Amino acid sequence: MNIYTQRLDLSTLSAEQQAIIDRQKQAENFLYLDFDTRQRSRFKADTQNQETIGVDLPRTETIKNGSVLADHQGNLIQIMAANQALIEVTADNDFDLMKGAYHLGNRHVPLMLTSTALYFEPDHVLEAMLHQLRLRTQAVQAPFEPETGAYKGNHGGHSHGHDHSHRHGHSHD
């Protein structure tokens, strides 16, 4: 079993490496992964050609759709975002859709944005909240590539790069 341990930058692939990726695409030999799996740094999976591979990456960022991984022997595999169950949110106007994005973002929900819709993983409580805001929701199957955030870095999580307190003083008379 090949163990893939490196992420390659697509912009720095050699002509030979790009040719390998192109041949794999033609042969439909790549790895479809859902968002939850692409967030992990270690896992086993089966390629489209039913070859079992291992992934053991340093903990950094989520594996993106189209990412290329390499093993120590120079073998390459491209990762594709798999279709998965999502909730699509639409509205009658841009402002209402923006309000939906605000309320979902305020709850730190992984959220994929397009010009006409928002997408998140199924959650009936969030759907009910969106319905109260007069937004439409529907279940769909689609690849999920949520926004990474303005503070994207190698740390992940909820870090802003500066210290601050989450304590709030309240008087309870």
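Q: What makes D56 and R42 a salt bridge?
A: A salt bridge needs a side-chain nitrogen of Lys or Arg within 4 Å of a carboxyl oxygen of Asp or Glu. The closest N and O atoms of D56 and R42 are 3.2 Å apart. That is within the 4 Å limit, so the pair counts. D56 lies in strand β4 (residues 52–56) and R42 in strand β3 (residues 42–46), so the bridge ties together parts 14 residues apart in sequence. Helices (H or I, at least four residues) and strands (E, at least two) are DSSP runs, numbered from the N terminus.

Q: Why is D56 called partly exposed?
A: Buried means under 20% relative accessible area, exposed over 50%, and partly exposed in between (1.4 Å probe, protein chains only). D56 has 33%.

Q: Why is R42 called exposed?
A: Its relative accessible area is 59%. That is over 50%, so R42 is exposed.

A word on the source: this is a predicted model, in which local features need pLDDT of at least 70 and side-chain atom pairs count only at pLDDT 80 or more, while totals for chains, interfaces and linings use all residues. Residues are numbered from 1 along each chain as its sequence is written, and side-chain values use heavy atoms, with hydrogens and water left out.

Q: How many salt bridges does the structure hold?
A: It holds four. Among them is the pair R38 and E145.

Q: How do you know that R38 and E145 form a salt bridge?
A: Their closest N and O atoms are 3.5 Å apart. The limit is 4 Å, so the pair passes. This bridge links distant parts of the chain. R38 is in helix α2 (residues 35–38), and E145 is in the segment after β10 (136–143), 107 residues apart. K64 joins in too: R38, K64 and E145 are linked in a network of salt bridges.

Q: What makes R136 and D92 a salt bridge?
A: The distance from N to O is 2.7 Å. That is within 4 Å, so the label holds. R136 is in strand β10, and D92 is in the loop between β7 (83–90) and α3 (94–106), 44 residues apart. R136 has 40% relative accessibility and counts as partly exposed. D92 has 67% and counts as exposed.

Q: What makes α3 and α4 a contact pair?
A: Contact means heavy atoms within 4.5 Å. G100, H103 and L104 in α3 meet L126, M129 and L130 in α4. By class, this contact has four nonpolar, two polar and no charged residues. Ala, Val, Leu, Ile, Met, Phe, Trp, Tyr, Cys and Pro count as nonpolar, Asp, Glu, Lys and Arg as charged, and the others, Gly among them, as polar.

Q: Which residues does D96 touch, leaving aside its neighbours within four places in sequence?
A: D96 is in contact with A91 and L135. D96 itself is found in helix α3. The C-alpha atoms of D96 and R134 are separated by 8.1 Å, though these residues are 38 apart along the chain.

Q: Where is H108, and what is its phi?
A: H108 is in the loop between α3 and β8 (112–113). Its phi is positive, about 55 degrees, although H108 is not a glycine. With 57% relative accessibility, H108 counts as exposed.

Q: How many helices and strands does the protein chain have?
A: It has four helices and ten strands. Of its 173 residues, 36% count as buried.
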